[in-house]
Amino acid sequence: MSEGAAKKEERRKFQAIKGTRDLLPPETALWNRVERIAQEVFTSYGFGEIRLPIFEQTDLFARSIGAETDVVSKEMYTFEEKATELPSPRPFFTPRGYTPALEEAFQANPGFNTPENRRRLALLKDHLSTLEQAEVRRDAKASSAAYDHYVAVLETILQGDRVSLRPEATASVCRAYIEHNMQQLPQPVKLYTIGPMFRRERPQKGRYRQFYQIDAEVLGGSDAPGMDAELIEMVMTFFKRLGLEGVELDINSIGDKQCRPKYVELLRAELRKVKDKLGPDSQRRIETNPLRVLDSKLENEQKLIGGMPHIADHLCEECAENYRGVKKELELRGVKYRENWRLVRGLDYYSRTTFEITAKGLGSQNAVCGGGRYDGLMELLGGPPTRATGFAIGEDRLILSLQEAGKRPAAKGRDVYIAWMGEKAYTKAVQAAKNLRAAGFSVELPPVEQKFGKALGQADKLGARYALILGDNEVASGEWTLKTLATGEQAKFTEPTLLDFLQENNAV
Ligand code: ATP
Ligand code: MG
């Protein structure tokens, strides 16, 4: 690289990484409004906020979302958390010498004393003993193989834990429920959380690599239909408060451990009959996860899929009863829904109610909320058997839809711009700014003196409602001039009457 090119490279402008974005004012005012209303509505339903770490052990997501899903197999941002406190093996170390040192380090660092690492340590010891026996037999081939095995296991230990940026929040909420023994609290525990999620997807409208979710989970308690219905009522109330347009709720029941496997087998058998007419993805899914074939958006598969058996006709009596109950409860609450038998979740721990909500103005990425019951997840993560149901709202899409419908809040300018001239006036202006801000007004105080004309122009550009004019005359007389910028009207006030006037004429 030439010197010039190197300099240029050094001064290169940085850009936000593909799939991430900056959210700027005034748009952030809409984000704040959405989050504030979520907090208000969710609080009125008895939810409390949980704040979670943004990265967790990769295994937590692999286990809860499923290692074969796209999210886990290709979309997670994963990195290694090196096990720096472990003694690193010197060159030419011997497994016999190193193993006890490693074991001691494990004892000293409770963080490494995980079930996974204990299993690896036991494996190391096995390889060590195989190695020693091979040496006694003078079996060079076997001893070299045992040595290689030993080193391979050692590498996984030294690599440390793999951690990932969270692609969703449910797994972390369940981890926290278990870790903090929340099953000892009055059940159910109702939690919500708002924050960024990360998935390495192809960026497009409504699909980003860093996106935001508003997530709510009901953990513990029963699976009474009223529980699912109330959760759905809550999210619909939230959308209504925001004025979200074209909201449609789809619901379905996907049965449970008792009845779903039979339906899946039936579906598989039916799909096999038309296998040749399906695309490669669906063909593969017939064997791996036939429910996911129902998700297919391929035009030429729709007719065939439309003819497949509906799960609603194959629910066991308990699940059918529960599904009827959920629908009745939704009607009781005045929540309109559409039954969609193709709305499924491919993972075993999901059960019964699933739902999805779409909104207007989003093109093909029109799902703003997905949710459902996941009674089996907590046990899968090592917790007590715990019923649970929840949803995740895509906040970016929610905001996009509001913006498309013109629901952006008017950019709020400053309430008061203080146009001052002269040193004495400045002293008064600083004090006035402080007092007005304390009373809740948004105030702009220019740090350097400007001619009044220029100051008023500036006030206009910032969208200020009033300009407070403070010059030598005003300070001397104690009568301050307030100009209403929209009308050009001017009036005189003393300091206390000014505050009264502003408070009367402006809801803070
Ligand atoms: P989609 O089918 O649209 O990819 P999903 O099934 O992957 O959605 P969930 O994992 O259920 O979505 O997440 C819940 C919500 O989060 C979605 O309904 C959507 O609004 C939002 N969401 C998911 N992935 C993204 C993304 N990459 N960018 C923006 N929002 C997203
Ligand atoms: Mg997705």
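A: Let's start with a term: a polar contact is a pair of N or O atoms within 3.5 Å; within protein, one must be able to donate a hydrogen and the other to accept it, and residues adjacent in sequence count only if both atoms are side-chain atoms. This is a predicted model, where local features need pLDDT of at least 70, side-chain atom pairs count only at pLDDT 80 or more, and totals for chains, interfaces and linings use all residues. Residues are numbered from 1 along each chain as written, chains are lettered from A and ligands numbered from 1 in written order, and side-chain values use heavy atoms, without hydrogens and water.

Q: Which side chain has an N or O atom 2.9 Å from an oxygen atom of ligand 1?

A: Arg 199 does. An oxygen atom of ligand 1 also lies 2.9 Å from a polar side-chain atom of Arg 397, while a nitrogen atom of the ligand is 2.6 Å from a side-chain N or O atom of Glu 201.

Q: How many residues surround ligand 1?

A: A residue is near a molecule if one of its heavy atoms lies within 4 Å of it. Here 13 residues surround ligand 1, and Tyr 208 and Ala 367 are among the closest.

Q: What does Phe 238 touch in the fold?

A: Contact means heavy atoms within 4.5 Å. Leaving aside neighbours within four places in sequence, Phe 238 is in contact with residues including Val 34, Phe 42, Ile 214 and Leu 398.
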